[in-house]
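Student: Could you show me how to read a few features of a structure with me, one by one? I would like the general idea and then the case at hand.

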Amino acid sequence: MLKELYVENFGLIEQSTIHFLPGFNVLTGETGAGKSLIVDALGLIIGGRGSQDFIRSGADKLVLQGTFEGSFSQDLKNLLLEAGFSWEDDTLIIMRELARSGKNTCRINCRTVPLSFMKEVGKKLVNIHGQHEHVSLLEEETQLLLLDHYGGQEVLSWKEKAGAAYARIKDLRRQKEKWQAKTAGAAQKEDDLKFLMAEIEQADLTLGEDEQLEKERKMLQHSEKISMDSKMAYEKLYGGREKGAGDLINESVQLFQEIALLDEQAAGIFEKLNDLNFTLEDLVREIADYAGNVYSNPERLDEIELRLLLINKLKKKYGATIQDILTYYREAEEELAALAEEETDFKEIDASLHQAEESYQHICSHLSQLRHEAGQALSQAVTEELHQLHMKSAQFSVFVTEADDGRTGKDKVAFLVSPNVGEEMKPVIKIASGGELSRIMLGLKVILSQLDQIPTLIFDEIDSGLGEKQFIMWRKS
């Protein structure tokens, strides 16, 4: 797929064009011949990090250009089509310029593009493998990624499901913890609300009740005086042993009645006195009724005192007036309902969490089964590849064991190897021989590279320990 690489003013290279043939290409040379510069140049073309230090001494800028031809992957075509590129032919020219001024220019088929887009395109065109990757390949996390990649789309799909299920569990646990923190002491709060509501309910308050009771208490407290004074007022108006005001007014009415017969002008006074006499008679009867109803009732007074004592106690706790107390009751009722609703929400969260955990366990179980199957296939494939790399007695094994819950499931992976007959299986990281380690890493890369849709693979000195150092460019057909 990589047909031509043009390099200008890059490091020690003033100007050079390298042509590649379909299939397998090898570049060899002495140390310092510039093999690594070629790899670095290609790395910049596919979006690697640039630096002015790469510019050749005395030059203002460097120019790199890669020409790719052939049948591109559908993923790459989709990426380019979405960006507005057309497909008149199967050629892709990627160019990058770095100037000492700091200007960084990226072009694809003569069209300027952002560096980030060039990097996305580059990922689908070229994959560079170097000998320094040995260290990362020995890590358990990387080995798990390699196994999942080898397992194919089914493993990756279930791994994605495990990640989504794990994220769901984490989210629900956060919700549960947040609810628990928010409602800490909720049970006590609920009991307190129920207690005060029962206390107010039992009081059976009515609006204005306290004012009415205060008036009645005042009357009962002074009932004796009220009775005596009202009777005295009755006697002063109605009369008793002596004439009262009523008797005197009645006499005045009779006098003016006679005067009115003699003088018409006195008729008006007579009428007024007569009306006053009738009014007074009504008033005297009303006073008599009032005085007759005034009574002393110590038991009723005690009841009122106790009732007012209860009301005042509630006022101190819940509000200055009966209206405030009743408002407090309604607010407590609403808060209690809210607590009940939150309790329902918590039960729903807890049920959802339980369901999510069960789903996660099911997904992880199936994912583990798929990984075991993929591990057996990968073990056999790498073992066969090692036999071709002059390790005739070597045995390679992928060991899948249970691990703690995580986004990638509940598995951890270890690559084990027995270099010779009779030797026990040991983690690859414990293989002492650099040559053996290089063979194992090369075998893994050969097997895993067959899964990539990336058309161009570059191996930079990964055969260290196998023989003479070389730079291999393996181009898929």
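Predicted model: local features only at pLDDT ≥ 70, side-chain atom pairs only at ≥ 80, totals over all residues.

Student: Which residue forms a salt bridge with E69?

Tutor: Side chains of opposite charge can pair when their charged atoms come close. The term salt bridge is used for a side-chain nitrogen of Lys or Arg within 4 Å of a carboxyl oxygen of Asp or Glu. The partner of E69 is K3, with the closest N and O atoms 3.4 Å apart. This pair links distant parts of the chain, as E69 sits in strand β4 (residues 61-69) and K3 in strand β1 (residues 2-10), 66 residues apart. K3 is also partly exposed, because its relative accessibility is 39%.

Student: What are the strands and helices based on?

Tutor: They are DSSP runs numbered from the N terminus: helices are H or I of at least four residues, strands E of at least two. The protein has 14 helices and 13 strands.

Student: How many salt bridges are there in the whole structure, and where do D148 and R371 lie?

Tutor: A search of the whole structure gives 21 salt bridges. In one of them, D148 meets R371 at 2.8 Å, N to O. D148 belongs to helix α5 (residues 140-151) and R371 to helix α13 (residues 322-388), 223 residues apart. D148 counts as buried because its relative accessibility is 0%, and R371 is buried with a relative accessible area of 0%.

Student: What about R300 and E303?

Tutor: Their side chains form a salt bridge at 3.3 Å, N to O. Both residues lie in helix α12 (residues 298-318), 3 residues apart, about one turn of the helix. R300 has 26% relative accessibility and so counts as partly exposed; E303, at 47%, is therefore partly exposed. Elsewhere, salt bridges that share partners join D148, K159, R371 and D411 into one network.

Student: How do I read the packing of α9 and α11?

Tutor: Two packed helices are described by the angle between their axes and the distance between the axes. Axes are lines fitted to C-alpha atoms, for helices over the stretch in contact, and angles run from 0 to 180 degrees between N-to-C directions. Here the axes of α9 (residues 223-238) and α11 (residues 267-293) come within 9 Å and cross at roughly 155°. The two are therefore roughly antiparallel, a label for angles over 145 degrees. Residues in contact, meaning heavy atoms within 4.5 Å, include I226 and Y234 of α9 and L280 and I287 of α11.

Student: What is the phi of N109?

Tutor: Most residues other than glycine have a negative phi. N109 has a positive phi, near 50°, and lies in the loop between β6 (104-108) and β7 (111-112). D204 also has a positive phi, about 50°, although it is not a glycine. D204 is in the loop between α7 (186-203) and α8 (209-221) and counts as exposed because its relative accessibility is 56%.

Key. Residues numbered from 1 in each chain as written. Heavy atoms only, no water. Parallel < 35°, antiparallel > 145°, perpendicular 65-115°, else oblique. Buried < 20%, exposed > 50% of the residue type's maximum accessible area, 1.4 Å probe, protein only.
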